[in-house]
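Try each one before reading its solution.

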Amino acid sequence: MPNAKLKHYLQLHFLVFIAGFTAILGELISVGAKDLVWYRMVIASILVFGYIKYKKLAIRLNAKAIFKFVLAGVLIALHWITFFEAINQSNVSITLAMFSTGAFFASFVEPLIHKRRIVWYEIIFGLIVIFGVFLISRGELHYINGMILGVVSALLSTLFSVLNGAFIKQYNATVISFYEFVSGVLFLSVFMVFENGVNAKFFQISWMDLLYLFILGSICTAYAFIEAVKVMKYISPYTVILSYNLEPVYGIVLAVLLFPETEIMGIHFYYGVVLVLGTLVLEAILKQRKSIKENAN
């Protein structure tokens, strides 16, 4: 049914738009990166748990599985902390440009974990992405801290995604997400207590920050994750991956429209972004063709 297919494609791009909007919320929220991620994961944990209860999903798992999800939860917490701190240290455009290198890292991390050979064009594309990052950084070296944090965030996100991809083959995605969010909350709580303690001031945040945090934890985290799992039942993983490569595009366009005084960058920045994103799209197309040939044989 064409209309049903169009509905799923529109839903997918709405989810990609939400992913890009996450960086905008990171710019708007005034609390620190660790506090922001703690609130985000608490809100998401509560909402996902409510969804699990509504759907009557079983959440009891063995200790080995829970241990894996705890590690993944720590990874995603660290990814989000470095992502939002990168925005604080630079801006949305720089952070999203650096974050787009995640697909490049995946080309090397995924073969290492799944023990397969690196394809020749992955090396070439990797070099092109590095050149694209060089163009992005040219003239913007005053944002070097944000760039480094953005790249670290992309690497952590890649590690998390590769591990999660293996988990989803065996366990329910929503249940996995619940354990990861709760693990992230516990990890951050312990870390913050040992760092400088948690006092009443930690919970004294403005109503606008509370509103933005709720949108971040509900729509941009709990809702987006659950809906992403649903949409993959109707659209191929290739199309989903290719569409999510547009996340930096949506985010950067939104940032320029909303914060023109801080987000409009030099021409080399946009050359670099186009080069990186174009490379990632081309790589996804080649991998899809390779997959079709392998399945045909």
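**Exercise 1.** Work out whether T279 is buried or exposed, and find what it touches.

*Solution.* This is a predicted model, so we work from computed values. Start with the relative accessible area of T279, which comes to 7%. The cut-off for buried is under 20%, so T279 counts as buried. Finally, leave out residues up to four places away in sequence, and T279 touches F125, I128 and V129.

**Exercise 2.** Check the length of helix α11 (residues 247-258), then find where its buried residues lie around the axis.

*Solution.* Take the 12 residues of α11 at 1.5 Å a residue, and the helix should span 16 Å. The end C-alpha atoms are 16 Å apart, so that agrees. Now pick out the buried residues of α11: E247, P248, G251, I252, L254 and A255. Look down the axis and they fall within an arc of 165°, so they line one face of the helix.

**Exercise 3.** Describe how helix α3 (residues 63-89) and helix α8 (residues 173-196) cross, and what the contact is made of.

*Solution.* Geometry comes first: the axes come within 7 Å and cross at roughly 65°. As for handedness, α3 passes α8 in a right-handed crossing. Then list the contact residues. On α3 they include F69, G73 and W80, while on α8 Y179, G184 and F187 are among them. Sorted by class, the contact has 14 nonpolar, three polar and one charged residues.

Conventions. Residues numbered from 1 in each chain as written. Predicted model: local features only at pLDDT ≥ 70, side-chain atom pairs only at ≥ 80, totals over all residues. Heavy atoms only, no water. Helix = DSSP H or I, 4+ residues; strand = E, 2+ residues; numbered from the N terminus. Expected span 1.5 Å × (residues − 1). Buried < 20%, exposed > 50% of the residue type's maximum accessible area, 1.4 Å probe, protein only. Arc of directions from axis to C-beta. Axes fitted to C-alpha atoms, helices over the stretch in contact; angles between N-to-C directions. Left-handed = near helix turned anticlockwise from the far one by under 90°. Contact = heavy atoms within 4.5 Å. Nonpolar A, V, L, I, M, F, W, Y, C, P; charged D, E, K, R; others polar.
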